Amino acid sequence: MLVIRDLVKKYGNFTAVDHLNMHVERGQIYGFIGPNGAGKTTTMRIVATLLAPTSGYVEVDGVDLQKDPIKVREKIGYMPDFFGVYDNLKVMEYLDFYGSAYGIEYAQRRRIADDLLELVDLSDKKDAYVDTLSRGMKQRLCLARCLIHNPQLLILDEPASGMDPRARAEIKGILKELKRMGKTILISSHILAELSEICDCVGIIDRGKVVIQGSVDQIVQRMAGETVVRFRVLRDVDRAVKLLKEQPMVTGIVQEDLVLEIACKGTDEELWNLLRTLVNNEIPVISFNKVDGNLEHIFMEVTSDEEVVL
Ligand SMILES: Nc1ncnc2c1ncn2[C@@H]1O[C@H](COP(=O)(O)OP(=O)(O)OP(=O)(O)O)[C@@H](O)[C@H]1O
Ligand SMILES: [Mg+2]
């Protein structure tokens, strides 16, 4: 549904998104997780066609974003991290306004708005002024707004930020419902644990790169105490990856340039055998060390910002 390849975004000399790769399957909820300043919003704004990338390729449902951004806009619903709501409008008028902006005919958009208000549990606020809504209600209204044209891909930038636990649980319920309706959802957060329960796939981003990506199960496996080994090769990294994939004890591989991080099961003896296999195959390994194999540790290892909240 969403393919991002080698995406780069520079602000002047500063690289906010650095050769980022990502793949979101149709119908998935993909958790985009990273510390403040990692590049989540920048990436999402690019996918939402609001920001031009410096280089790289983005495809939404088979459509090349650079070639046909209008077509992409029809397919996506974007909920920004900071959203303005027009204070002098009532809830229904607000949705109606956006519906008309998408060219939806009057009777139909009223019907859609009714359904959406029910979905986000705001039916009884139809005639309330938007500025009288609580923050959580405004967030739900924004979610309804970005669904008005029935998009297939939702891009939600920290939709639950600033919400109390009950409101967060409600948002999660709505997201599950949207998934049941067949939507694909890309959702960002800097709180890993919060997303892990609803996401099919999680990508952790730091300094503009996706540093680890996998299904929640794969990552949970790591939490269950698998060994994670990081090593660096001088060259032949592709051959090393191929070789590692053939090893039954290796359950996951993350590659960043010449550094490989692998998750594996097995004793230290077996680990030594693994290293020996690499060396016997002329892979020039120049460092090889174990890191603690739990998710938090991986998160802290792969990100470097001290403000990370887990
Ligand atoms: N318009 C801009 N001009 C210059 N630098 C920018 C601009 N927008 C973002 N940046 C920088 O790009 C980096 C990535 O920012 P971004 O907003 O994408 O991060 P984020 O992952 O969404 O962070 P947060 O969790 O705080 O929302 C940051 O270092 C930020 O300062
Ligand atoms: Mg952000």
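**Exercise 1. Find which residues come nearest to ligand 1, and which elements supply its shell.**

Step 1: Start with the rule: a residue is near a molecule if its C-beta atom, placed from the backbone, lies within 6 Å of it. There are 13 residues around ligand 1, and Tyr-11, Ala-16, Lys-40, Thr-41 and Thr-42 come nearest.

Step 2: Now the elements. β2 (14-24) and α1 (40-47) each give two or more residues to this shell, and α1 has the largest share, with three residues. (Helices are DSSP runs of H or I with at least four residues, strands are runs of E with at least two, and both are numbered from the N terminus.)

A word on what you're looking at: this is a predicted model, where local features need pLDDT of at least 70 and side-chain atom pairs count only at pLDDT 80 or more, while totals for chains, interfaces and linings use all residues. Residues are numbered from 1 along each chain as its sequence is written, and chains are lettered from A and ligands numbered from 1 in the order in which they are written.

**Exercise 2. Work out which residues of helix α4 are buried and what they pack against.**

Step 1: Locate the helix. α4 covers residues 106-119, so 14 residues by the DSSP runs. From first C-alpha to last it reaches 20 Å, close to the 20 Å expected at 1.5 Å a residue (that is, 1.5 Å times one less than the number of residues).

Step 2: Pick out the buried residues (20 or more other C-beta atoms within 10 Å of their own; exposed means 12 or fewer, partly exposed is in between, and C-beta atoms are placed from the backbone). In α4 these are Arg-109, Ile-112, Ala-113, Leu-116 and Leu-117.

Step 3: Look down the axis of α4: the buried residues fall within an arc of 135°, so they line one face of the helix. (The arc is that of the directions from the helix axis to the C-beta atoms.)

Step 4: Check the face turned away from the buried side. Here you'll find the exposed residues Ala-107, Gln-108, Arg-111, Asp-115 and Glu-118.

Step 5: Find the partners. The buried residues of α4 pack against α3 (91-101) and α5 (135-145), with contact meaning C-beta atoms, placed from the backbone, within 7 Å.

**Exercise 3. Describe how the protein divides into domains.**

Step 1: Domain 1 takes in 2-206 and domain 2 takes in 226-292; these bounds come from an automatic or database domain assignment.

Step 2: The C-alpha centres of domain 1 and domain 2 lie 38 Å apart.

Notes
Contact = placed C-beta atoms within 7 Å.
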